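Subject: Handover of a structure for your review

Dear colleague,

Please find below the structure that I am handing over to you. My notes on what was found in it follow directly after.

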Amino acid sequence: MRASRAAWWRRLFSEPAGATGVVIVLALLAVASLATFWTPYDPQAADVAGRWAGPGPAHLLGTDATGRDILSILMAGSRTTVAVAAGAGVIATIVGLTLAALGALTHRWVRESVAVLVDMLVAFPVLLIAMMISAVWGGSLAVVVWSVGIGFGVNIARVSRPELRRVLHSDFVVAARASGLSGWQNLTRHLLPNVAPVFIVQLSWSMAVAVLAEAGLSYLGFGAPVTEPSWGVLLSQLQQYLTVYPLSVLWPGLAITATVLGFNLLGDGLRDATDPTLRTRSGSARRARTHLPEVVA
């Protein structure tokens, strides 16, 4: 078991994309953890006398129009980013795996009903749904988390269902059923591990888009309230000064870009380390066999 785990970690860090994604995501988690009990300044403390200070020893990334320290706001905003990404990821996992299992392992009429429901839900853009819900219930992080989680859970179900159906008809699964394994045992021992690479990529993408959705909705006023530290809110407050103080807008933009890139690279690395159909070759040249899921009704 320890040898297999060590081999898995070696595969994950053998690719630059996977190693870079791990470093970025771990750095984000470290900053968010640190910001729970320490930031250089109070993120909401205004200092009119020190507004628009440039980067320097006192304020490493400068200050905004009210004199707030931009680095402190970014650190506090990382907690919001992690909470949204984690919350949306958990909800997307529950919704996606539930719908995929119902659409692959149940009776034919249930499978077809779930497939129609998933196709209907996929037709609605996630951000549009979030904006509509925010207009009714008011802008909040909870609305962003639930709307993005449910929306991308549907996407995960749509991609995972054909894979589950394909694995379900594999010889080793048929042999496992014939040997007496229950449906739950088959699901946990054979089906889920074999669809894990597809699921992981979709989940990492949903978490990356959750970060973008939170920033975009907060920028438009449908996400986090202005009293909540958020990269999107900070971007919205600074964009009107873009032509005068362009450097201040750069920092939240870079934070959002790096976070989304980190989640996507981590997903690629986890897929390569987990997918049993991918094989690495010695030397610098590496080639992966493309695996296309077969759609089974």
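Arg158 is partly exposed, with a relative accessible area of 47%. Please bear in mind that this is a predicted model. The side chain of Arg158 forms a salt bridge with that of Asp119, with an N to O distance of 3.8 Å. This pair joins distant parts of the chain, as Asp119 belongs to helix H4 and Arg158 to helix H6 (residues 141-168), 39 residues apart. Asp119 is partly exposed as well, at a relative accessibility of 44%.

Salt bridges

How many salt bridges does the count give? The count comes to three. Besides the pair of Asp119 and Arg158, there is a salt bridge between Arg108 and Glu112, whose closest N and O atoms are 3.0 Å apart. Both Arg108 and Glu112 are part of helix H4 (residues 108-122), and they are separated by four residues, about one turn of the helix. Glu112 has a relative accessible area of 41% and is therefore partly exposed.

Arg68 and Asp64 form a salt bridge through their side chains, at 2.9 Å from N to O.

Aromatic pairs

In one of them, the ring centres of Trp52 and Tyr241 are 4.9 Å apart and the ring planes stand at 70°, so the pair is edge-to-face. Trp52 is located in the loop between helix H2 (16-35) and helix H3 (70-105), and Tyr241 in the loop between helix H9 (231-238) and helix H10 (246-274), so this pair ties together parts that are 189 residues apart in sequence. Trp52 counts as buried, at 15% relative accessibility, whereas Tyr241 is partly exposed, with a relative accessible area of 26%.

A further pair consists of Phe152 and Trp205: the centres of their rings are 5.4 Å apart and the planes lie at 90°, so this pair is edge-to-face. Phe152 in helix H6 and Trp205 in helix H8 (residues 183-220) are 53 residues apart, and the pair thus links distant parts of the chain. Phe152 is buried at 7% relative accessibility, while Trp205 is partly exposed at 41%.

Helix packing

Phe152 also takes part in the contact between two helices. Helix H5 (residues 126-137) packs against H6 at an angle of about 145°, and the axes are 9 Å apart. The crossing of H5 and H6 is right-handed. Which residues meet there? From H5 come Val126, Ala130, Ile133 and Ser134, and from H6 come Val143, Ser147, Val148, Gly151 and Phe152. By class, this contact of H5 with H6 comprises six nonpolar, three polar and no charged residues.

H6 packs against H3 as well, at an angle of about 35° and with the axes 5 Å apart. H3 and H6 cross in a right-handed manner. The residues of this contact of H3 with H6 divide into 22 nonpolar, seven polar and two charged.

Leu128 is part of helix H5 and is partly exposed, at 44% relative accessibility. Leu128 and Leu217 are separated by 89 residues in sequence, and their C-alpha atoms are 9.9 Å apart in space.

Gln202 belongs to helix H8. Where does Gln202 make contacts, once neighbours within four places in sequence are left aside? Gln202 is then in contact with Asn155, Ile156 and Val159. Gln202 counts as buried, because its relative accessibility is 18% and the cut-off for burial is under 20%.

Yours sincerely

Definitions and conventions:
Residues numbered from 1 in each chain as written. Predicted model: local features only at pLDDT ≥ 70, side-chain atom pairs only at ≥ 80, totals over all residues. Heavy atoms only, no water. Salt bridge = Lys/Arg side-chain N within 4 Å of Asp/Glu carboxyl O. Buried < 20%, exposed > 50% of the residue type's maximum accessible area, 1.4 Å probe, protein only. Axes fitted to C-alpha atoms, helices over the stretch in contact; angles between N-to-C directions. Left-handed = near helix turned anticlockwise from the far one by under 90°. Contact = heavy atoms within 4.5 Å. Nonpolar A, V, L, I, M, F, W, Y, C, P; charged D, E, K, R; others polar. Phe/Tyr/Trp six-rings, centres within 6.5 Å; stacked < 30°, edge-to-face > 60°.
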